[in-house]
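Please read these notes with the model open beside you.

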Amino acid sequence: MSKVRFKELIKCGITGHSGTIGKNLIRANKKIKFIYFKGNIINKNQVENWIKNNNFEYLIHLAAIVPIREVNRNKRKAFKVNTIGTSNLVRAIIKIDNNIKWLFFASTSHVYSSSKKKIKEDFPIKPISYYGRTKFLAEEKLKILKKKEIKICIGRIFSTANNSQRNNYLVPDLKKKIKKIRNTIVLENLNHFRDFISIQDIAKILIHMLKNNVNGIFNICSSKKVRLTEIAKIISNYYKKKITLKLNKKPSYLIGNNQKLKKIFKKKINKDLKKIILDD
């Protein structure tokens with residue numbers, strides 16, 4: 001693991017800069033000049049022109065369709081953006097003579113199946129959702145870059161929450177639903193366990209990985225088990241609303257083991273669920 005010396009401002013290409021993680025990442029470090037991809041990741045020519053016309057050594061690939069409901073509504077589009085879009089990026093790097101030596105790919109915990117045990121990076125791949133399938137197929141596309149001897153870092157990001165998240169994500173949808181109720185509401189399908197990490201912590205981890213040219217696959221998570229009903233209760237208490245929870249489905253589990261991450265990232269990871277949901 002070789003640390004990057006920031007003697008001068010370095011350039012890092014970034015896709016998905018307008019997303020929640022991208023925005024926080026850009027704010028997290030002023031010694032990096034981020035070069036935004038503002039085109040359509042599905043368009044091969046636009047991707048190639050961006051790689052060709054910008055000289056950067058580092059690349060962070062965040063562009064994706066993430067919300068599960070959005071993915072399931074249009075699986076074809078999700079596959080094009082998440083999988084084919086990544087393939088377009090990889091092929092452009094292979095095709096064009098450039099100086100890229102390190103690439104970070106934002107993957108997901110959804111590449112794993114439900115497990116009551118904390119999931120390690122070598123856990124068998126069996127995507128729990130179609131979104132997870134598109135991301136794992138994208139991970140496979142990155143293997144081609146071994147020909148270029150580019151260091152690849154794959155971050156399998158677990159659940160996140162942030163005030164700037166748009167609709168279709170769990171937390172903003174719950175906030176919207178609970179905030180507008182007058183009397184009480186019955187909430188279903190929250191009998192699941194997830195592992196939440198703050199967007200700010202994700203940004204710090206990504207910057208650390210870039211600075212140290214970290215390569216390999218890492219779970220990016222807090223390693224704390226959270227029942228989704230806890231989130232609903234925190235939000236309802238905050239807005240002083242009454243809710244009824246109907247636990248009518250078999251629970252699923254996606255809790256990460258972050259021991260590999262903690263070996264390279266020594267800073268404390270926030271586990272305060274209330275802060276992550278309301279104040280992050």
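1. Lysine 260 places its charged end over the ring of phenylalanine 218, 4.8 Å from the ring centre. A charge sits over a ring if NZ of Lys or CZ of Arg is within 6 Å of the ring centre and within 35 degrees of the ring normal. Lysine 225 lies over the face of phenylalanine 193, 5.2 Å from the centre of that ring.

2. The model is predicted, so local features need pLDDT of at least 70 and side-chain atom pairs count only at pLDDT 80 or more, while totals for chains, interfaces and linings use all residues. Residues are numbered from 1 along each chain as its sequence is written, and side-chain values use heavy atoms, leaving out hydrogens and water.

3. The whole structure holds 7 aromatic pairs. Rings of Phe, Tyr and Trp (its six-membered ring) pair if their centres lie within 6.5 Å; planes under 30 degrees apart are stacked, over 60 edge-to-face, and the rest tilted. One of the pairs is phenylalanine 193 with tyrosine 253, stacked at 4.8 Å centre to centre with 0° between the planes. Phenylalanine 193 is in strand β8 and tyrosine 253 in strand β13, 60 residues apart. Strands (E, at least two residues) and helices (H or I, at least four) are DSSP runs, numbered from the N terminus.

4. Both phenylalanine 193 and tyrosine 253 are buried. Buried means under 20% relative accessible area, exposed over 50%, and partly exposed in between (1.4 Å probe, protein chains only). Threonine 20, in helix α1, counts as buried because its relative accessible area is 15%.
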